[in-house]
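I'm opening my notebook on this one. Below is what I looked up, entry by entry.

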Amino acid sequence: MKLRILFALPIVISAISGKANATTYNWPENPNDTVITEYPDGVPLVKAEQEETLLDVARQFNLGQTEIVRLNPDVDRWHVKKDEIIRIANRRVLPDTPHKGITLNISEYRMYYYPPEVKGVPRQVMSYAHGVGRQDWKTPLGETKVSQKVKNPSWYPPESIRREHAANGDPLPAVVPPGPHNPLGLYSLHLALPGEYRIHGTDIDKIFGIGMQITHGCVRTYPEDIEQLYNMVPVGTPVFIVKQPIKVGWLDNKLYIEAHPDLEGEEMTRDQRFELALSLIQKANNGQIPDFDRQTLNEALTKLDGDPVSIYERKPLLPEEEAVAARQ
């Protein structure tokens, strides 16, 4: 794939090639801020130098299929034309979970890994796209941990899954050995949950299912991502699985909101979505609802494209107020 990446302001062009591992973000300068940014200079765009699919672009920039389609509603996902401009993700609001271990926010098909802090090294967050459980095989929510790590796993499909595949004319063996057609991929992180729930890779047949509601409950990642994660994450790492379609956070005294569509089989009304947003805004602003930009909020809750937008700007804290906030 040949792409050139462009920034909105100023315009910069550089060659981009190959598959990316985790998108790594530096923590904001204010440690209390929870909005992370990859490209600080504007809206990142890429220009295709040859015909590709939108899904190829998604994999290169560690995005899932649903996310990149939402960001590019007017681009044919199966045919990106030469010289066509494609928008990729930039900012993200961190989920409302402890900033340690792994957080899986199934509403945005996104994983966040918080590496242990190292003295003298800037704090970072690593993020990966992933697939989640279907409507009838939901990924469980809650707090758990990595209980086991397995390289080159064999898959023992449960009888329920074997019956489903047989009914669809695609019978499964009792054991699927390691290899390119094993749906667990080459690496697997078992979770301490009832049932065989894992964070795992994928096979060559399902590579474009990343970022979709498509699994039997497990969390599926790109092969290069699970390999990187497998080599970093020790057994016992805490894992928080949440469903947060709307997130709110601060960056440089601006309050951002990020909104995602409902998962299949779920439906929030517009009023419910607005009430949820208001409660999160109030929580983020010390229990007070500020005089925010309601038009921008309404647009975000209508588009549901997952792109964080600023809805309010507060006055910077005085030095003594910053000291109090830091102590708190």
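**Salt bridges.** I count a salt bridge when a side-chain nitrogen of Lys or Arg is within 4 Å of a carboxyl oxygen of Asp or Glu. I'm working on a predicted model, where local features need pLDDT of at least 70, side-chain atom pairs count only at pLDDT 80 or more, and totals for chains, interfaces and linings use all residues. Residues are numbered from 1 along each chain as its sequence is written, and side-chain values use heavy atoms, with hydrogens and water left out.

I searched the whole structure and got twelve salt bridges. One of them joins aspartate 96 to lysine 283, with the closest N and O atoms 2.7 Å apart.

Are aspartate 96 and lysine 283 buried or exposed? Both are exposed. My cut-offs are relative accessible area under 20% for buried, over 50% for exposed and partly exposed in between (1.4 Å probe, protein chains only).

Next I looked at glutamate 224 and arginine 59, whose side chains meet in a salt bridge (2.8 Å, N to O). This pair links helix H4 (residues 223-232) with helix H1 (residues 54-60), 165 residues apart. Both glutamate 224 and arginine 59 are buried.

I also noted a network of salt bridges linking Glu67, Arg92 and Arg110.

**Helix H5.** I checked the length of H5 (residues 270-284).

Which residues of H5 are buried? I found Arg273, Phe274, Ala277, Leu278 and Ile281. They are on the same side of H5, because they cover an arc of only 135 degrees around the axis; the arc is taken over the directions from the helix axis to the C-beta atoms. The face turned away from that side carries the exposed residues Asp271, Glu275 and Lys283.

The buried residues of H5 pack against strand E18 (246-251), strand E19 (254-259), helix H6 (294-303) and strand E20 (309-313). I call it a contact when heavy atoms are within 4.5 Å.

**Aspartate 203.** I found aspartate 203 in the loop between strand E14 (198-200) and strand E15 (213-215). It counts as buried because its relative accessibility is 3%.

Notes: Helix = DSSP H or I, 4+ residues; strand = E, 2+ residues; numbered from the N terminus.
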